[in-house]
Amino acid sequence: MGKHRDRSQWFADLRTANRYHEPTCQGFGCAARENPENSASSPVAISRSRNISHGHNHGIGAVHHFRVQGIRLMKLIIQIPCLNESETLAIALADLPHEVEGFDTVEWLIIDDGSTDNTAQVAKANGVHHVVRHPVNRGLAVGFMSGLDACLQLGADVIVNTDADNQYCGADIPKLTAPVLAHEADIVIGARPIDDTEHFSWIKKKLQRLGSWAVRVASKTDVADAPSGFRAMSREAALRLNVFNAYTYTLETIIQAGQSNLTIVSVPIRTNGDLRPSRLVKSISSYVKRSLVTILRVFVIYRPLALFFYVGSVFWLIGLAAGARFLYYYLDHSGEGHVQSVILASLCVTLGMLLYMMGLIGDLIATNRKLMENINTRLKKISYERHDRE
């Protein structure tokens, strides 16, 4: 931490230099405005890579790596996925910090996931540095991953994700980044005071607890509030994450991080008042169904052997009980009747064996997926390092 504090002396020089090198992002490209008369006399030598085209229509232009006196500065990017958030985005942005201890630059990035209002214009008017745009709505999880990809291209050392509805207290961002800077964690998740949150219904509070329990079991971590979207992650953690669920990213990223042996910790955070109804919870029945499906899918993908072994064992026990019943009556009453017990026993034992086989196949697929994820991480590193050199 002392090293980061020593860098704080360059803040003033950096801001002076940024007056001549101010990045702006519009549409599908990003350009730097420079003052040709004063840039040569700038007291700080700033190196930037050239503009790049984004391969996924994210709307990000250049990779910006600042260097002062030959030392690479620490960069924090705060990203916010947005869908028609023009009414609340300004409030959320006003709550975000411009400076965070341990970082030399703090930038804001929003992901405009096919908004039909003026979300992007509100973001630019309120000082957002980067805007990532999807031409159509692709879902929260896709928006989250688009943001991570853009932040990595922009050279972020630490990425903080928050919501556009101002649910989370922006002043708690240093609580999230501190363990990452101290190399005590790869991912830090803000744990909300769920029991004290008035706008959460009783059933939603219980489902939040259930979801967190399922994620702890599947990921072998000790996450207090798995559905929380307020989280910080290191560059290495962001490189390793992949999300397949289009509905939400919160549960799957934790499980994947746990399976990848990334260190995850939780820190208590504060929440703000409710500005609008949740976009993910349209109704209690829909939320229950989606939550249960997500939890089941998580176990199928990441813990298939354990899931199918336990379910298969239930059918085996039922089959053995039915078989024992038949044998009892067969030996005690000369084998008359009770043929239905034989049919039930054979059916349950067969289903149990099939579930065991599905678990083995799923485990092989999960192992292959881990290898593919490692390859994907290596390819990402090579790609971003190439952009840095260029």
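Reply: β6, helix α4 (residues 119-125) and β7 make up a β-α-β unit that is right-handed. A crossover is called right-handed if, with the strands pointing away from the viewer, the path from the first strand over the helix to the second runs clockwise. Helices (H or I, at least four residues) and strands (E, at least two) are DSSP runs, numbered from the N terminus. This is a predicted model, in which local features need pLDDT of at least 70 and side-chain atom pairs count only at pLDDT 80 or more, while totals for chains, interfaces and linings use all residues. Residues are numbered from 1 along each chain as its sequence is written, and side-chain values use heavy atoms, with hydrogens and water left out.

Me: How many bridges join strand β6 to β7?

Reply: Two strands pair if DSSP finds at least two bridges between them. Here β6 (residues 105-113) and β7 run parallel, joined by 5 bridges; D112 has R133 of β7 as its bridge partner.

Me: Is strand β7 mostly covered or exposed?

Reply: Buried means under 20% relative accessible area, exposed over 50%, and partly exposed in between (1.4 Å probe, protein chains only). Strand β7 (residues 130-134) is mostly covered, with 4 of its 5 residues buried.

Me: Which residues have the most contacts inside the largest nonpolar core?

Reply: A nonpolar core is a set of buried Ala, Val, Leu, Ile, Met, Phe, Trp, Tyr and Cys residues joined through side-chain atoms within 4.5 Å. The largest has 41 residues, and L109, L148, I159, I187, M233, I254 and I264 have the most contacts inside it. Helix α5 gives the most to this core, 7 residues.
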